[in-house]
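Welcome, and thanks for taking a look at this one with us. Below is a short briefing to read alongside the sequence and the model.

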Amino acid sequence: DMSTTKTINKFENHLLSIRAERHNMIHPKSHPTYNEHQQKIIEMIDWVLEKYKTGTNIQNMNEQVIIDNIIEELDNKRNVAINKKQKAILKDEVLEYGEEEDTIDYILFLIREGTGKLY
């Protein structure tokens, strides 16, 4: 049905536009940590889009169920990062897991923003 197709396109287009923005933010003269952060966001968006496409192609599930499953999986990844951050002793590990948590938080926000599920 057309409303599902429009919603799918809206969701994917939302993430793809953010992905393109982040890709354009990467510059050779920028600090490597800054570029790494942008790349991690792009990789996480790619992961979400792949999960989404797999769900819509193979499982033929309701779009909202697929998105809810992705959100749940990201929430679990976020909890793992938080637990690792809390147990980390080395400063580098704390920063790494903190950045992973921040990236996941940002992607969750994008998904919720794109689906009108901000809460």
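Helices here are DSSP runs of H or I with at least four residues, strands are runs of E with at least two, and both are numbered from the N terminus. With that in hand, the chain has 4 helices and 0 strands. Please keep in mind that this is a predicted model.

**Overall layout**

- Reading along the sequence gives the pattern α-α-α-α.
- The chain is 119 residues long, and 32% of them count as buried.
- Among contacts with a separation of 6 or more, 62% are between residues 24 or more positions apart.

**Salt bridges between helices**

- Side chains of opposite charge can pair when their charged atoms come close.
- How many salt bridges does the structure hold? The count is 7.
- Arg 19 pairs with Asp 46, with 2.5 Å between the closest N and O atoms. This pair links distant parts of the chain, as Arg 19 sits in helix α1 and Asp 46 in helix α2 (residues 32-59), 27 residues apart.
- Arg 19 counts as partly exposed at 25% relative accessibility, and Asp 46 is partly exposed with a relative accessible area of 31%.
- Glu 99 and Lys 40 meet through their side chains in a salt bridge of 3.8 Å, N to O. Because Glu 99 lies in helix α4 and Lys 40 in helix α2, the pair ties together parts that are 59 residues apart in sequence.
- Is Glu 99 buried or exposed? Glu 99 is buried, because its relative accessible area of 19% falls under the 20% cut-off.
- Glu 73 forms a salt bridge with Lys 51, and their closest N and O atoms are 3.1 Å apart. Here too the pair links distant parts of the chain: Glu 73 is in helix α3 (residues 63-87) and Lys 51 in helix α2, 22 residues apart.
- Glu 73 is partly exposed with a relative accessible area of 31%, and Lys 51 is partly exposed with 33%.

**A salt-bridge network, and Asp 105**

- Arg 78, Lys 85, Glu 101 and Asp 105 are linked in a network of salt bridges.
- Asp 105, a member of this network, lies in helix α4.
- Asp 105 has a relative accessible area of 28% and is partly exposed.
- Asp 105 and Asp 75 are 30 residues apart in sequence, while their C-alpha atoms are 8.5 Å apart in space.

- Glu 12 is found in helix α1 and counts as buried at 14% relative accessibility.
- Which residues does Glu 12 touch, leaving aside those up to four places away in sequence? They are Leu 49, Tyr 52 and Lys 53.
- For Glu 12 and Tyr 52, 40 residues apart along the chain, the C-alpha atoms are separated by 8.6 Å.
- Asn 13 also has its place in helix α1, but Asn 13 counts as partly exposed, at 48% relative accessibility.
- The C-alpha atoms of Asn 13 and Gly 114 are separated by 9.1 Å, although the two residues are 101 apart along the chain.
- His 14 is in helix α1 (residues 2-24) as well. With a relative accessible area of 19%, His 14 is buried, because the limit for that class is under 20%.
- Not counting residues up to four places away in sequence, His 14 touches Leu 110, Glu 113 and Gly 114.

- Which residues form the negative surface patch? The patch consists of Asp 92, Glu 93, Glu 96 and Glu 100.
- Glu 93, one of these residues, is found in helix α4 (residues 91-115).
- Glu 93 is partly exposed, with a relative accessible area of 31%.

How values were computed. Residues numbered from 1 in each chain as written. Predicted model: local features only at pLDDT ≥ 70, side-chain atom pairs only at ≥ 80, totals over all residues. Heavy atoms only, no water. Patch = residues over 30% accessible without salt bridge, like charges linked within 9 Å, V, L, I, M, F, W, Y side chains within 5 Å. Areas by Shrake-Rupley, 256 points an atom, 1.4 Å probe, with all protein chains shown as cover. Salt bridge = Lys/Arg side-chain N within 4 Å of Asp/Glu carboxyl O. Lys, Arg positive; Asp, Glu negative; His and termini not counted. Charge placed at Lys NZ, Arg CZ, Asp CG, Glu CD. Buried < 20%, exposed > 50% of the residue type's maximum accessible area, 1.4 Å probe, protein only. Contact = heavy atoms within 4.5 Å.
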